[in-house]
Amino acid sequence: MASTSYTLFSLCSSFNAHCKISPTPSVSKPLAFTKPNFSSSFNLPQKLCFSSSPSLPQSATVPKVSQIDAPAVAESEPESPPAATQIVEVAKEEAPKREEIFAVVMVGGRQYIVIPGRFLYVQRLKGTNVNDKIALNKVLLVGTKTTTYIGKPVVTNAVVHAVVEEQGLNKKVIVFKYKKKKNYRRNIGHRQPNTRIRITGITGFENYPAVTLDSIAKSS
Amino acid sequence: MNKKEILKLAKGFRGRAKNCIRIARERVEKALQYSYRDRRTKKRDMRSLWIQRISAGTRSCDMQVHYGHFMHGLKKENIQLNRKVLSEISMHEPYSFKALVDISREAFPGNRHIYHRPRKVDMSITA
């Protein structure tokens with residue numbers, strides 16, 4: 001399933017010569033979940049089916065993907081080699097550095113692993129409008145490359161800032177109830193309202209007792 | 001539901017069930033009943049999967065901890081991460097997960113008396 005995301009990238013670059021390959025495309029895959037791996041070994045995590053967790057190709061792999069796929073793209077379309085090389089350069093420059101930090105936040109009764117720059121579908125937040133800035137206060141864990149802040153239960157003063165992007169509905173679910181030999185059938189469609197929020201930053205966790213990599217390495 | 005909608009839902013079915021409306025109607029009704037039931041069982045299956053993953057993660061640390069003891073230690077420390085997030089952390093953030101396992105070991109005294117089984121070494125290749 002990781003290979004399909006790479007082919008998506010190569011298709012984008014080959015068919016649309018003028019599209020900028022941004023690190024956060026708005027193609028949403030609500031049923032799969034991947035995360036960048038901050039530990040030293042670079043393993044591609046398996047995509048899993050979870051509800052309500054967005055998945056986007058890893059930002060760290062965006063330049064690598066474009067480097068790997070660009071020669072394939074150039075070979076497959078010999079009629080536009082200058083366009084392919086131009087896209088490779090654009091892709092290398094376009095991928096900005098994302099902060100390597102993640103947090104576990106509780107929204108709408110559910111917990112999500114959250115990274116700045118990505119979006120997330122949560123239960124409908126009443127009373128918010130599009131382009132509202134939101135501060136999520138229930139931050140249960142914050143992790144950076146070297147330290148982890150484990151909240152008991154909440155990391156005090158930690159805030160996850162987000163912006164409401166869109167308030168829509170989930171995909172339709174058909175609720176079909178049927179009892180055999182009793183002539184009872186009910187057919188109901190259901191669309192759960194949701195809100196898409198984009199995470200802009202994670203702050204406020206610095207003054208919390210943390211667990212650092214060195215202490216873990218010593219204790220193991 | 002009219003015929004068009006039923007045949008649209010019957011895509012991918014085997015044999016005449018995808019083409020002929022009389023057979024497709026039965027199969028589609030069955031499929032919708034299964035999906036109603038399985039939307040509930042999916043939640044159970046997922047939780048069981050997360051528990052298996054967390055258990056594997058705790059046992060893969062150097063100082064092994066059982067899943068039950070691990071969760072008990074976390075609850076004692078008032079860490080309210082749920083199993084879904086714990087399983088994700090155990091897969092993708094090994095150092096954070098190790099920190100959680102250490103916290104649980106400290107919190108729950110029963111963790112110290114764990115018998116560490118000697119790791120089995122594969123002897124089949126030696127000539």
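Predicted model: local features only at pLDDT ≥ 70, side-chain atom pairs only at ≥ 80, totals over all residues.

**Entry 1: getting my bearings**

I began with chain A and looked up its secondary structure, which comes to 4 helices and 13 strands. Chain A has 220 residues, and 43% of them are buried. I then looked at contacts in chain A with a separation of 6 or more, and 65% of those join residues 24 or more positions apart. For the surface of chain A I wrote down about 12,200 Å², with carbon and sulfur atoms holding 55% of it.

**Entry 2: salt bridges**

Next I went looking for charged pairs. As a reminder, side chains of opposite charge can pair when their charged atoms come close.

I started with Glu100(A) and Lys145(A), whose side chains form a salt bridge at 3.4 Å, N to O. I checked where the two sit: Glu100(A) is in the loop between α3 (81-94) and β3 (101-107) of chain A, while Lys145(A) is in the loop between β7 (139-144) and β8 (147-150), so the pair ties together parts that are 45 residues apart in sequence.

**Entry 3: a pair between strands**

I moved on to Glu165(A) and Arg196(A), another salt bridge, with the closest N and O atoms 2.7 Å apart. Here I was looking at strands: Glu165(A) belongs to β9 (residues 159-169) and Arg196(A) to β12 (residues 193-203) of chain A, so this pair ties together parts 31 residues apart in sequence. I noted a relative accessible area of 23% for Glu165(A), which makes it partly exposed. Arg196(A) has 15% and is buried, because the cut-off for buried is under 20%.

Which residues are linked with this pair in a network of salt bridges? I listed Glu165(A), Glu166(A), Arg196(A) and Arg198(A) as its members.

**Entry 4: over to chain B**

In chain B I picked out Asp102(B) and Lys98(B), a salt bridge with its closest N and O atoms 3.7 Å apart. I found both residues in helix α5 (residues 94-107) of chain B, 4 residues apart, or about one turn of the helix. Lys98(B) is buried, with a relative accessible area of 13%.

I also looked up Cys61(B), which is 37 residues from Lys98(B) in sequence but has its C-alpha 7.0 Å from the C-alpha of Lys98(B). I placed Cys61(B) in the loop between α2 (21-60) and α3 of chain B. It counts as buried, at 8% relative accessibility.

**Entry 5: two helices packing**

Then I listed who meets whom. From α3(B) I have His69(B), Phe70(B), Gly73(B), Leu74(B) and Lys76(B), and they meet Phe97(B), Leu100(B), Val101(B), Ser104(B) and Ala107(B) in α5(B). Sorted by class, I count 6 nonpolar, 3 polar and 1 charged residues in this contact.

Terms used. Residues numbered from 1 in each chain as written. Chains lettered and ligands numbered in written order. Heavy atoms only, no water. Salt bridge = Lys/Arg side-chain N within 4 Å of Asp/Glu carboxyl O. Buried < 20%, exposed > 50% of the residue type's maximum accessible area, 1.4 Å probe, protein only. Contact = heavy atoms within 4.5 Å. Nonpolar A, V, L, I, M, F, W, Y, C, P; charged D, E, K, R; others polar. Areas by Shrake-Rupley, 256 points an atom, 1.4 Å probe, with all protein chains shown as cover.
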